[in-house]
Amino acid sequence: MTVLAEPLPAARRRRARMTPARWGLYAFILISALYFLLPLYVMVVTSLKPMAEIRQGNLLALPVSPSIDAWVTAWASACTGLTCQGIKVGFFNSVRILLPSVFISILVGSLTGYALSLWRVRGASILFGAMMVVAFIPYQLFIYPLVRVFAFTGLGQSLLTIVIIHTIFGLPTMTLLFRNYFTSLPPELFKAARVDGAGFYQIYARIMMPMATPMIVVAVILQTTGIWNDFILGLVFAGRDNLPMTVQLNNIVNSTQGERAYNVDMAATLLTALLPLLVYFGSGRWFVRGIAAGAVKG
Amino acid sequence: MRLSLSSRLSVVLALLPALMVMIVVYIGATGWTVWMSLTNSRMLPNNNFVGLRQYESLFGNDRWITSVHNVVIYGVLFVSLALAVGFLLAVAIDQRVRAEDTIRSIYLYPYSMSFVVTGLVWQWLLNPSLGIQHVLRSWGFAGATFDWIVRPERAIYCLVVAGVWQASGLVMAIMLAGLRGIDDEIWKAARIDGLPKWRVYASIVIPMMGASFATAAVLLSTAVVRLYDLSVAMTNGGPGIASEVPAKFVMDHLFERANIGLATAAATTMLVTVIAVVAPYLYWRARKGDIR
Amino acid sequence: MKRALFASVAIAAMALAPVPVRAEEMKAEVIHWWTSGGEAAAVKVFADQFTKAGGTWIDSAVAGAANARNAAISRTVSGNPPTAMQLNTGKQFDELVEGDLLADVDTVATEGNWKSVMPQAFIAAATRKGKMYAVPVNIHGQNWLWYNKAVLTSIGAAEPKTWDDAFAVLDKLKVDGKVIPLAFSGQKNWEQNLFSAVLIGVGGGPMWVGIMGKRDAALARSAEFKAVAVAYKKLKNYVDAGAPGRNWNDATSLVIQGKAGMQIMGDWAKGEFVAAGKVADKDYGCTVLSNHGGGYMMGGDVFVFPKSKDAATTKAQMTLAKLMLAPETQIQFALKKGSIPVRSDVDSSALDACAQKGMRYVADKAQQLPSVDMLAAPALVGAVQDAISQYWNTDMSADEFSAKVAAVLKAQD
């Protein structure tokens, strides 16, 4: 365990000594970590095995002759229909969809949450209530009517359409997240800013959003995951020039009547999950810092 | 506090996108959905009014009844377990443990992956002739039995296992944000009073984290109602119809089975149920807000 | 080389997609769900032929029939349809024809004399209001029995011909206890496929058409139908505990490795045997079980063409229709796909032993039986599927099951 220790930021308190309670704590953390890591382990070892080994059915066994062929195939040459260029084709499409969608949906959601939580607006609770309700509706239901709406507006299937779609479907959750957060902040902060004569957008940009860093991180995590992993909306609304990576992933892993290469499936999934994983690991440090910045004293 | 005209305009401007989305998308599309449920639409929407016939066949449909039953079991277990596990993980991490970043990422990573394939992995792990049971037996535990996924009356609990695996990291993140927001003074005061740690958590910290619990619970509940991918990838609703869920019923009938009428009737029923559950809660919250 | 060239053409076409098409240019965007290696190789046969004919094939592959249909139909109703889309041979395009959304291919069919070379059931399945609206491109036999020859030899059993034979072999395998007698993939559609095979094999062709095609509720309550139900449920004694949720190819893999004796599956399973280096009639055998002298359940895929006002698109559509059915294309496609050609007048010598057996079944009118998709609309297929799946997985009795099926058939009127 000690090997894992890293230099501490000076501000942190000294760690507790290893008492029995601490041992129990670490045992709990270790066991739960194993539960979380087990599927990932299976995916990684499977992706490194040749098919003959996978057919033997020893799920947890390490590969006898590990090879990264499946990874290369998944990235560069797996067939997704007639184009045999792996899942790399959709990677940049997914990035192009992700960045504006995450940014705009968080902007709109936080603004809405802010307006609904701190400003007394007539009908605010009705609007918020309605949004809460729709957060529960399976969004697949809206596909047909929305196809019609976008055909009517002339936007059809395009990058802009899919960004709007993600903003629409992210709105209830994002609003909820930020509204709850802003409501939990001490009201004195807001009142003081009002007394100082700050306006609506000033308070939002200068005071509220900097304080909302932890929630922004959670929001980024939620939206990145949801948008990056979305399949059906991208398929229907992005247009065939902007099809996201998940469409190719689905083509590789979900073909119904063809032979299935599980090693390539696993490698393709891990590759597809790479960007959200990086965001998670990257935001981890930022997360702590964000909380330090956002922690309200007294 | 009265609002100036410019503030008032700013507020309206900020709420405009939400308002438009509500009216055009949600109310419009919901209206369409309700209307479709009163027609005999199959593959393409049509306007042949058939009254409540779709609802009649919906409630005579075993699969729908099982789906509703399942989502209740799943919902109760999934939300309470994910909240409990997530909170415990957050508390554990908050004890200034080593390698916090790594541990936090381990708990959180499942949320980054779609169930398209992680569902397959769980299916393998839980499969008696392939996964955990097989491994335990090959280690010499001949009597080890873990075959819930192939037993119709237990399969739904397997979905809970995988669901909690995916979601509790997110709960942990939300809870950790809440825990770190709690003033150090409270801890100092508690130490001076000589309160044991668990008492501080139970009687001071948890009540202070209402917002975190509420946010997490609502996020989890929306995931319950929308539960779809997991059922498809892990059991495809099986064995038989044992692990079917309502959103899957809607999706299957909307596309694969080309039965828009029945699908929208199911969706409308879901919607009405959600309103019936959420509305009183919102009313209660609004009342509470007024008092404050 | 050709593939690379083709890919670059496809990419160039994608980049140019928003530019309006000139009238003489033939472009075809095709939505289909053939995404795996063997399937893609089969589609490439069509694409290559189209390129040779001077067209540009734009490939829109989406895995999963429901996903592909969803994308294609969404686009068709929003006025931005693909040039062609894949469906299963059967009733899936009824409403598209009713909504006047499809172009008919009757002229091409008449010119090519399709009606004299195609099985009657396929012509009927593609025809609406007296005109052909779809191009059937292949025939998949769906009720094949695949068995491991070494395993059957080891217990001294010969190839079963009837379901009674099969039960005897299964009993022997069970007593022997070395392998799983019946490899099974416990997912709803395969539970239904197995049931269909038993219904045809034990109940006979007329009962099959009577239940699924004519929705004869009285027949579903008959003693004969209950006997089918009993035989079906009896098969559960021969499957292993790991069957529920298993993928069909993993079940096939059990047969290939000799861990299981046999499997009932469509002829796409052959691809797995071939991929594992096994040879038909040597390592594995194939037959269709029947107590009534035969009954070959035929399904397949069709392409339909959304109506277009643009002359170039219509030209591309008719060109596609024509060359998909050209004899050379047909045989090449079947070789790659593992199916058999939809035309009976092609040279089948290049096909393997099992495919040739299939060709013989199809050539015999008495053997031809339409698949479930051809007999019933998706909504009914799904409702019956739920009933079968419940019956297979619970302790529901055959009586209850027959009452349930009768009720489902009645409700769909």
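Modeller: What follows goes residue by residue, then turns to a record. The model is predicted. Take C:Ala280 as the part to look at. C:Ala280 sits in the chain C loop that joins α14 (270–275) to β11 (284–287). C:Ala280 counts as partly exposed because 19 other C-beta atoms lie within 10 Å, and buried would need 20 or more. Which residues does C:Ala280 contact, leaving aside its neighbours within four places in sequence? They are C:Cys286, C:Asp352, C:Ala353 and C:Cys354. C:Trp146 is 134 residues away from C:Ala280 in sequence. In space, their C-alpha atoms are 9.9 Å apart.

Most residues other than glycine have a negative phi. B:Ala99 has a positive phi, near 50 degrees. B:Ala99 lies in chain B, in the loop between α3 (62–93) and α4 (100–108). With 15 other C-beta atoms within 10 Å, B:Ala99 is partly exposed. C:Asp100 is not a glycine, yet its phi is positive at about 60 degrees. Its loop in chain C runs between α4 (94–98) and α5 (106–111). C:Asp100 is exposed, since 8 other C-beta atoms lie within 10 Å and the cut-off for exposed is 12 or fewer.

Last, chain A. An unreviewed UniProt entry lists "transmembrane region" there for several spans, including 97–119 and 159–182. In the model, residues 97–119 of chain A are 96% helix and 0% strand. The end C-alpha atoms of that span lie 32 Å apart. Residues 159–182 of chain A are 100% helix and 0% strand, with end C-alpha atoms 32 Å apart.

Terms used: Residues numbered from 1 in each chain as written. Chains lettered and ligands numbered in written order. Predicted model: local features only at pLDDT ≥ 70, side-chain atom pairs only at ≥ 80, totals over all residues. Helix = DSSP H or I, 4+ residues; strand = E, 2+ residues; numbered from the N terminus. UniProt positions renumbered as here; feature names shortened; annotations may be inferred. Contact = placed C-beta atoms within 7 Å.
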